[in-house]
Amino acid sequence: MARKKKDADPSPLSTPDKIEILCGNIRRHIQSTLGKDPDMPDTFACYMGLAHAVRDRLIENWIATQRVGYSALTKRVYYLSMEFLPGRFLMNYLANLNMLEEAREAVKTLGFDLDELEEEEWDAGFGNGGLGRLASCFLDSVASLNIPCYGYGIRYDYGIFFQDMQNGYQKEHCDNWSRRGTPWEIQRHDYLVNIRFYGRSEAYESRDGTVRYQWVGGETLMALACDFLIPGFGTDYVTNMRLWSARSSREFNLENFNQGDYIGAVEAKVRSENISKVLYPSDEAREGKELRLKQQYFFVAATLVDIIRRHKKQNPSFVDFPEFVAIQLNDTHPSIAIAELMRILMDEEGLAWDEAFDICERTFAYTNHTVLPEALETWPVDLLGKVLPRHLEIIFEINRRFLEKVAKVFPESPQLLSEMSIIQEGDQRQVRMAHLAIIGSHSVNGVARLHSEILKDHLFKNFNRVFPGKIKNVTNGVTPRRWLYQCNPLLADLISSAIGKDWVTHLDELKKLIPHAEDPQFRKAWLDTKYENKRHLARYVLRKIGTGINPETLFDVHVKRMHEYKRQLLNLLHVVTLYNRMKNIPNFQTVPRTVFFAGKAAPGYFRAKLIIKLITSVAGVVNNDRALKGMLKVVFLPNYCISQAEKIIPAADLSEQISTAGMEASGTGNMKLSLNGALTIGTLDGANVEIMEEVRLENIFIFGMNTEEVAESRHQGYSPFAHYAEDPELKLVLDMIGSGFFSPGEPELFTPVVHSLIYHGDYYRLLADYRSYIQAQERVSELYANKEEWARRSILNTANMGKFSSDRAILDYAQNIWHVDRLLL
């Protein structure tokens with residue numbers, strides 16, 4: 001359904017009037033909300049005053065949206081995710097509410113600069129990487145498309161961690177992102193949900209003689225609803241991201257306190273509230289596993305209470321529940337929701353098994369985000385039975401009934417039973433949560449075409465055989481509001497001057513840029529815009545880490561979570577190769593280059609943390625070698641986050657998307673960088689394949705083995721030592737790293753890195769792809785030397801990124817999975 005246009009305002013306010021009213025609202029909040037003198041505000045007070053003034057408008061629109069949703073009796077979507085990564089809220093809200101210039105002028109009259117106020121806000125710590133950022137892009141799109149959808153997750157107190165660098169090593173600190181409070185959060189203290197853990201399952205006979213079950217005993221805590229509002233762009237629609245914060249059901253033990261046990265008096269409160277303290281606590285110890293399981297159940301249990309409460313406001317029956325409710329599971333983390341809804345429907349609402357399971361299956365849909373079997377979440381049977389005893393019973397019964405059906409339909413394939421069972425047998429039996437999600441959902445989707453093919457042909461091939469058509473593809477996307485319109489205003493203005501502004505909500509409109517790629521004046525304006533963004537990033541780098549960089553150099557950008565399969569190490573091998581050529585080849589010709597790395601390694605991931613140390617050690621040698629005359633620099637930017645990405649991505653010339661083929665489900669950093677005019681160097685992995693198809697092969701630098709060749713190398717055998725021995729440049733690079741050239745005080749520091757490549761299998765095939773990668777980088781340097789042609793191809797990259805809008809992805813979900821209509825406001 002098309003969006004309904006608002007009636008014209010009979011007396012629209014002029015821009016000066018709007019600015020004056022906003023100034024008054026800012027001053028009012030500085031005084032009445034913050035308790036400060038509005039005539040003498042500091043920067044933080046002005047930021048908070050502006051934030052509360054913006055929040056007033058958001059709340060007004062949110063209430064109006066809720067009223068329309070209830071009056072329309074519409075189906076709603078509930079997007080469940082362990083992570084959201086919204087970044088800073090202020091500028092996104094101002095952009096979506098069309099208040100940017102109004103706010104800029106208002107704070108200017110108060111003596112402040114809007115860009116300085118933006119720096120007062122810390123990134124919200126609700127997520128870590130691509131999973132959370134995708135969820136936040138999707139919420140922006142559902143709001144901009146008027147789709148009735150809510151996000152649900154956990155309101156973490158500390159997020160993942162704050163990454164600091166000490167002597168080149170990653171050091172983790174608590175990410176106390178809300179220590180000064182956050183103006184965007186609405187805590188619903190009048191709405192608390194009881195959540196149970198442990199206890200036991202008891203059978204009893206109901207009045208009609210049916211055997212029923214109830215979950216009794218154990219311990220409870222409270223889930224407090226915390227709302228963050230999400231406005232659409234160019235619409236008054238505002239939805240909310242509801243995050244749950246743990247609150248103890250017992251505040252204080254007065255008896256313990258009076259007996260002198262001051263710690264014991266609050267111990268139970270502190271222990272129970274740990275559930276929402278930190279994103280992804282370490283699960284190496286059993287206590288960490290238990291806490292992660294409790295986190296997952298905590299938020300889905302509270303969410304289902306909320307969903308059912310909302311449903312029952314207008315419909316007391318569950319017969320048509322799937323006609324009004326769609327629940328999307330963002331990866332396996334929320335999949336315990338299937339067992340929880342079954343428990344509610346049977347144990348609390350009195351439905352029979354078949355009816356309850358039919359409702360569940362038609363309600364849930366599951367998005368898979370990994371192609372790695374070892375990354376699919378499992379829980380020890382004894383742990384799940386201890387924490388959630390009734391749910392384990394339900395899972396066993398779901399499994400029993402499912403395997404009975406498989407045995408009847410495929411009697412000639414008995415091996416399917418063990419391969420598809422939710423319960424993985426072994427010394428320690430495990431509950432395979434991905435199998436539960438597939439069996440309990442009506443739809444399963446991958447997030448790039450290649451990824452979905454791998455799911456159907458390899459990872460879940462048996463399920464594809466049993467449930468033909470259930471596994472679908474919805475290629476990921478990014479919101480152009482955040483990732484071009486907001487973060488790159490110079491480029492956004494240039495694009496709008498050429499083709500109009502419709503592209504902000506209809507990204508396919510960027511196709512109109514294609515003829516402009518042939519216009520020399522437009523190419524010059526494009527390059528000038530990139531140069532200004534590079535100058536802006538150079539100032540940020542100097543302020544952040546004290547390193548000066550030249551914006552005239554090629555900005556080679558590799559920013560993402562640190563993991564061996566993402567192959568930051570392969571990029572570094574190229575850096576050392578370039579360094580050697582510059583040092584050893586007389587009159588070596590290449591373009592000057594600055595190589596950017598940024599990303600966090602999981603605290604317990606030793607190899608990834610050692611690679612960070614190697615990057616900083618190489619940077620220490622390269623950046624201080626005067627013989628290079630500034631032709632090569634290496635930068636590692638600490639604490640990569642959304643607000644930092646918004647500075648890096650507009651300035652990037654080259655986008656490194658070099659994961660081992662077949663290991664990246666999709667990737668969205670590739671989309672953001674290409675959207676902002678960076679050319680991609682990458683493997684045929686994840687969404688790179690579709691990006692190549694859209695921008696055309698000549699406008700992207702593809703290298704390395706494909707998925708089939710990687711798989712064949714695992715089956716047929718692979719000798720990394722042969723690559724090392726037969727390629728003199730590669731041998732020199734690895735010998736330098738392994739012998740301590742970059743760590744003279746600790747010559748064996750990086751020996752484990754080198755040995756993992758040469759002698760321990762090179763699992764991620766860096767050495768196999770090294771020469772192809774070096775050749776692709778040579779093509780990059782050759783093309784960058786021709787600035788006019790580089791600009792033309794950069795424009796064509798942006799022009800052909802329309803497919804990768806999160807709006808397109810959300811419409812795909814809405815039409816083909818959720819079957820939900822857009823609201824008319």
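Me: Where is the place of N167?

Reply: N167 sits in the loop between β3 (162-166) and β4. Strands here are DSSP runs of E with at least two residues, helices are runs of H or I with at least four, and both are numbered from the N terminus. This is a predicted model, where local features need pLDDT of at least 70, side-chain atom pairs count only at pLDDT 80 or more, and totals for chains, interfaces and linings use all residues. Residues are numbered from 1 along each chain as its sequence is written, and side-chain values use heavy atoms, with hydrogens and water left out.

Me: Why does N167 count as exposed?

Reply: Its relative accessibility is 64%. Exposed means over 50% relative accessible area, buried under 20%, and partly exposed in between (1.4 Å probe, protein chains only). N167 therefore counts as exposed. Phi of N167 is near 55 degrees, a positive value in a residue other than glycine.

Me: What makes R696 exposed?

Reply: R696 has a relative accessible area of 54%, so it is exposed. R696 lies in the loop between α26 (688-695) and β22 (701-702). Its phi is positive, about 85 degrees, although R696 is not a glycine.

Me: Why is P183 called buried?

Reply: P183 has 2% relative accessibility, so it counts as buried. The place of P183 is in the loop between β4 (169-173) and β5 (185-197).

Me: Which residues does P183 touch, not counting residues up to four places away in sequence?

Reply: P183 touches Y47, M48, A51, H52 and R55 on that count. Contact means heavy atoms within 4.5 Å.

Me: Why are α23 and α30 called roughly perpendicular?

Reply: Helix α23 (residues 606-622) and helix α30 (residues 751-758) pack at about 115 degrees, with axes 10 Å apart. Axes are lines fitted to C-alpha atoms, for helices over the stretch in contact, and angles run from 0 to 180 degrees between N-to-C directions. Angles of 65 to 115 degrees count as roughly perpendicular, under 35 as roughly parallel, over 145 as roughly antiparallel, and the rest as oblique. The pair is therefore roughly perpendicular.

Me: Which residues make the contact of α23 and α30?

Reply: R607, L610 and L614 come from α23, while P752, V753 and S756 come from α30.

Me: How do you know that α14 is close to the expected reach?

Reply: Helix α14 (residues 389-409) has 21 residues. The expected span is 1.5 Å times one less than the number of residues. From first C-alpha to last, α14 reaches 31 Å, close to the 30 Å expected. Its buried residues include L392, I395 and F402.
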